[in-house]
Amino acid sequence: MGRSRGNDEPGGRSARPEASPAPSPAPPPAPLPVTAADARTQVAAVLRRAGLPWDPRAVTDALMVTTELVTNAIRHGGGLAAFHADVHEGALRVSVADHNPQLPITRTSPPAGSRIGGYGWPLVQSLAAHLSVTTHGNGKLITADLKLH
């Protein structure tokens with residue numbers, strides 16, 4: 001059945017604009033992750049909301065970079081100060097802030113003694129399409145852009 005015409009204007013058009021549906025609200029800001037697993041969960045949710053087809057290996061790499069950045073902030077940066085993840089133009093941007101202005105160290109040889117570790121930052125460097133480190137008086141912000149396809 002056809003739509004009835006209003007009588008407010010000549011030709012049956014209504015003078016009142018039709019209401020358009022309200023846009024869906026943006027999700028509330030996620031709480032600051034307590035663990036690397038919490039951060040991975042937030043990144044996975046960001047990727048799901050974006051609704052784009054992703055290369056599974058790229059998603060795995062993105063989750064690994066998230067893990068490394070958050071773990072380093074917790075372990076070496078005095079704790080996580082801020083965390084943000086979003087998708088823009090087919091890339092995931094993960095930003096992690098901590099409380100230590102010291103720049104990450106790139107190891108070129110195994111650590112001395114029996115200490116295990118020290119390879120997370122080089123891994124982040126190799127997986128990120130773009131990486132920036134910005135220091136400020138009380139800490140630093142590391143932002144990694146990762147291609148998803």
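This is a predicted model: local features need pLDDT of at least 70, side-chain atom pairs count only at pLDDT 80 or more; totals for chains, interfaces and linings use all residues.
Helix 1 covers residues 36–50, which makes 15 residues. From its first C-alpha to its last it reaches 21 Å, close to the 21 Å expected at 1.5 Å a residue. Part of helix 1 is hidden from the surface: A36, A39, Q42, V43, A45, V46 and L47 are buried. These buried residues pack against helix 2 (56–76), strand 1 (80–88) and strand 2. Just after helix 1 comes G51, with a positive phi of about 65°.

Helix 2 has 21 residues, and its end C-alpha atoms are 30 Å apart. That agrees with expectation, because 21 residues at 1.5 Å a residue should span 30 Å. The buried residues of helix 2 are A58, V59, A62, V65, T66, T67, L69, V70, T71 and A73. Their cover includes helix 1, strand 1, strand 2, helix 3 and strand 4. Helix 2 is followed by G78, where phi is again positive, near 75°.

**Salt bridges**

The model holds 2 salt bridges.

| D145 | R93 | 2.6 Å |

In the salt bridge of D145 and R93, the partners come from distant parts of the chain, 52 residues apart. D145 belongs to strand 4 (residues 139–147), and R93 belongs to strand 2 (residues 91–98). How accessible is D145, buried or exposed? D145 counts as buried, because its relative accessibility is 13% and the cut-off for buried is under 20%. R93, at 39% relative accessibility, counts as partly exposed, since that value falls between the 20% and 50% limits.

**D86 in strand 1**

D86 lies in strand 1. Its relative accessible area is 28%, so D86 is partly exposed. Leaving aside residues up to four places away in sequence, D86 touches V46, A91, L92 and R93. One of these, V46, is among the buried residues of helix 1, and another, R93, is the salt-bridge partner of D145. D86 can also be placed relative to L47: the two are 39 residues apart in sequence, while their C-alpha atoms are 8.0 Å apart in space.

**The largest pocket**

The largest pocket contains about 530 Å³ of space. Its lining is made of 25 residues, and those nearest the centre are N72, H76, P104, I105 and W121. Which element supplies the largest share of the lining? Helix 2 does, with 7 residues. By residue type, the lining divides into 10 nonpolar, 9 polar and 6 charged residues.

Methods: Residues are numbered from 1 along each chain as its sequence is written. Side-chain values use heavy atoms; hydrogens and water are left out. A salt bridge is a side-chain nitrogen of Lys or Arg within 4 Å of a carboxyl oxygen of Asp or Glu. Helices (H or I, at least four residues) and strands (E, at least two) are DSSP runs, numbered from the N terminus. Buried means under 20% relative accessible area, exposed over 50%, partly exposed in between (1.4 Å probe, protein chains only). The expected span of a helix is 1.5 Å times one less than its number of residues. Contact means heavy atoms within 4.5 Å. On a 1 Å grid over the protein atoms alone, a cavity is a set of points where a 1.4 Å probe fits but cannot get out, and a pocket is an open set with protein on both sides within 12 Å along at least five of seven lines; lining residues have an atom within 4 Å of a point. Grid points are joined across faces, edges and corners, and a volume is the space filled by probe spheres set on the points. Ala, Val, Leu, Ile, Met, Phe, Trp, Tyr, Cys and Pro count as nonpolar, Asp, Glu, Lys and Arg as charged, and the others, Gly among them, as polar.
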